Amino acid sequence: MGVFFRTLRVYLTNLGLFVAGIFSAVFAVLFYLPKKAIPYLKKTFSSARLFLKRAAVLVLIAALVTGSLWLALSTGEQKKAVELKLNGNTVGWAETKAEAEQARTAALSALGITNADGVEIAEGRTPACNLKSAATLSQLLQRALSNGRVTVCEVVVDGIVLCALEDESVVRSVLNDKLNRAAAAYPDSTVSFSETVALRSASYEADDERIWTPEKFKLAVGTLDAITVQHVACEKTVSPLAYDTVELQTNTLFIGDSRVRREGRDGQEYVVDLVTYVGQNKVLSKQLMSVTVLQPVSRVVERGMRAGSLTTSQGYTVTQTTGVFAWPVVGLYTVTSLFGPRSLGYHHGLDISGANAAGSLVVAAAGGTVVEAGWSTGGLGNYVQIDHGNGIETLYAHMQNNSLMVSVGDVVTKGQALGRVGNTGYSFGAHLHFGVLINGTVVDPAPYLGL
Ligand SMILES: [Zn+2]
């Protein structure tokens with residue numbers, strides 16, 4: 001349509017000029033015409049009516065001729081060109097398609113518009129004076145596109161456009177507000193949004209429903225938690241480091257027996273974690289460092305490897321040690337106290353105990369003659385002493401009351417029952433105190449028991 005009106009305007013202008021020319025010519029003729037034409041003119045001018053009639057016909061013919069000529073000429077001047085249109089209306093003309101496309105791309109990019117369905121590029125013809133540069137055309141298109149549009153601030157959450165607001169400062173203030181409140185609630189933390197929140201400028205139709213009011217945005221961000229705040233804190237803790245158990249094999253114990261050589265003790269570890277919370281919920285924890293402030297101490301357990309030869313007698317089993325003696329108790333193998341100095345005074349023997357010690361059978365370590373059997377006033381409780389000959393004697397103490405099975409003078413065989421393990425005399429818990437005397441002097445019984 002624009003082209004048509006422009007064409008018409010040029011046409012009418014030319015027509016006016018033509019009419020003015022005609023009148024000038026008429027006046028020139030009036031002043032400079034040769035005398036012989038004067039009678040004719042006089043005749044003509046004698047009647048004003050006739051003059052007007054002729055002049056009108058003349059003007060009309062001249063106008064038609066000029067107009068047709070001009071139209072023919074101007075059509076001939078039109079060039080092949082490319083038209084840029086918006087919703088069917090001409091925006092402008094470019095000389096080449098490339099320029100038109102350049103103008104379109106520049107305009108869309110400047111306005112941040114991705115959808116350009118209404119923009120068309122078509123080949124056609126136009127007078128050269130209509131051609132525009134790509135830059136001018138881009139500005140014209142921007143102006144046309146901006147009609148009924150607004151520039152907005154898009155709120156993009158995790159890559160998805162949540163909404164848009166006309167006032168970017170409102171968006172910034174609502175978001176900052178939310179962060180500031182979280183920062184005040186968790187002063188030792190670093191606060192940030194859980195989502196990736198980005199703001200960008202865009203051009204929207206003014207009535208686009210994605211354009212929110214500030215109130216709607218405040219509600220969504222504040223109350224509805226469209227955007228969540230997370231806080232990250234360094235947490236320091238001291239936690240126990242569990243001790244492990246080390247097992248040592250030993251020939252000083254029989255198979256199936258064990259003893260604790262050293263108790264274990266937990267260590268301590270200082271740990272710094274980087275913990276991420278959303279509200280009160282821990283969503284991520286990453287250990288930044290750990291330092292052992294106290295090394296754990298391993299529990300050491302000795303486990304017996306020594307096999308004894310077994311002697312069966314009267315329904316119970318006696319263990320022959322690798323020493324000269326049989327083990328003096330049936331079923332108890334834990335040595336609870338060795339020969340030698342200890343807190344209760346020098347220990348003149350070796351204590352043997354174990355689970356459910358009381359009542360276990362005490363047996364002769366070797367064959368011999370009973371030299372003592374009865375109550376000791378020296379703290380041994382009920383005890384038995386056997387002479388094995390060659391100056392060797394053995395002693396069995398703290399046995400249960402009324403459990404002694406031998407009397408002085410009895411000849412016993414190796415493994416013969418003497419009594420039962422008890423807690424009599426100077427004793428703190430059921431055990432057998434086993435002693436060895438060489439020529440009347442107490443010695444360490446361990447080697448005689450293969451320990
Ligand atoms: Zn003892």
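Analyst: One term before we start. Two residues are in contact if their C-beta atoms, placed from the backbone, lie within 7 Å. Keep in mind that this is a predicted model.

User: Leaving aside neighbours within four places in sequence, which residues is Tyr396 in contact with?

Analyst: Neighbours within four places in sequence are left out here. By the 7 Å C-beta cut-off, the partners of Tyr396 are Pro328, Val362, Tyr383, Val384, Leu418, Leu432 and Phe434.

User: How many residues are in the largest nonpolar core, and which have the most contacts inside it?

Analyst: The largest nonpolar core has 38 residues. The ones with the most contacts inside this core are Val362, Val384, Tyr396 and Val421.

User: Which element gives the largest share of this core?

Analyst: Several strands give two or more residues to the core, including strand 18 (361-363), strand 20 (381-389) and strand 21 (392-399). Strand 17 (350-353) and strand 24 (432-438) are also among them. The largest share is four residues, and it comes from strand 21.

User: Which residue of strand 24 stands opposite Ile352?

Analyst: Start with the partners of strand 17. Strand 16 (residues 334-337) pairs with strand 17 in the antiparallel sense over three bridges, and Val335 stands opposite Ile352 there. Strand 17 is also joined to strand 24 by three bridges, again antiparallel. In strand 24, the residue opposite Ile352 is Leu432.

User: What is the strand order of the open sheet of four strands?

Analyst: The pairing in this sheet is antiparallel. Strand 6 (190-193) and strand 12 (281-294) each pair on one side only, as edge strands. Neighbouring strands are turned by 25° against each other on average, direction ignored. The order is 6-8-11-12.

User: What is the bridge partner of Phe193 in strand 8?

Analyst: Strand 6 and strand 8 (residues 229-241) run antiparallel and are joined by four bridges. Phe193 has its bridge partner in strand 8, and that partner is Val229.

User: Which helix packs on that sheet, touching strand 6 and strand 8?

Analyst: The helix touches both strand 6 and strand 8. Its direction makes about 25° with that of strand 8. The helix is helix 6.

User: Why is helix 6 called roughly parallel to helix 7?

Analyst: The axes of helix 6 (residues 168-185) and helix 7 (residues 214-222) come within 10 Å and cross at roughly 25°. Angles under 35 degrees count as roughly parallel, so helix 6 is roughly parallel to helix 7. Helix 6 brings Val170, Val171, Val174, Leu175 and Lys178 to the contact, and helix 7 brings Pro214, Phe217, Lys218, Val221 and Gly222. As for its hand, the crossing is right-handed.

User: Is Glu195 buried, exposed or partly exposed?

Analyst: Glu195 is found in the loop between strand 6 and strand 7 (197-205). It has 17 C-beta neighbours inside 10 Å. A buried residue needs 20 or more, and an exposed one has 12 or fewer. Therefore Glu195 counts as partly exposed.

User: How many Å apart are Glu195 and Thr228, C-alpha to C-alpha?

Analyst: Beyond four places in sequence, Glu195 is in contact with Val157, Asp158, Ile227 and Thr228. Glu195 and Thr228 are 33 residues apart in sequence. In space, C-alpha to C-alpha, the distance is 6.9 Å.

User: What is the bridge partner of Leu86 in strand 3?

Analyst: Three strands form an open antiparallel sheet in the order 2-1-3. Strand 2 (89-94) and strand 3 (119-126) are its edge strands. Eight bridges join strand 1 (residues 79-86) to strand 3, and these two run antiparallel. The partner of Leu86 in strand 3 is Val119.

User: What angle does the direction of helix 5 make with that of strand 2?

Analyst: Helix 5 (residues 134-146) packs on this sheet and touches strand 1 and strand 2. The angle between the directions of helix 5 and strand 2 is about 170°.

User: What share of the residues of the chain count as buried?

Analyst: The chain holds seven helices and 25 strands. Of the contacts with a separation of 6 or more, 68% are between residues 24 or more positions apart. Among the 451 residues, the share that counts as buried is 21%.

Technical notes:
Residues numbered from 1 in each chain as written. Predicted model: local features only at pLDDT ≥ 70, side-chain atom pairs only at ≥ 80, totals over all residues. Core = buried A, V, L, I, M, F, W, Y, C linked by C-beta atoms within 7 Å. Pairing = 2+ DSSP bridges. Axes fitted to C-alpha atoms, helices over the stretch in contact; angles between N-to-C directions. Parallel < 35°, antiparallel > 145°, perpendicular 65-115°, else oblique. Left-handed = near helix turned anticlockwise from the far one by under 90°.
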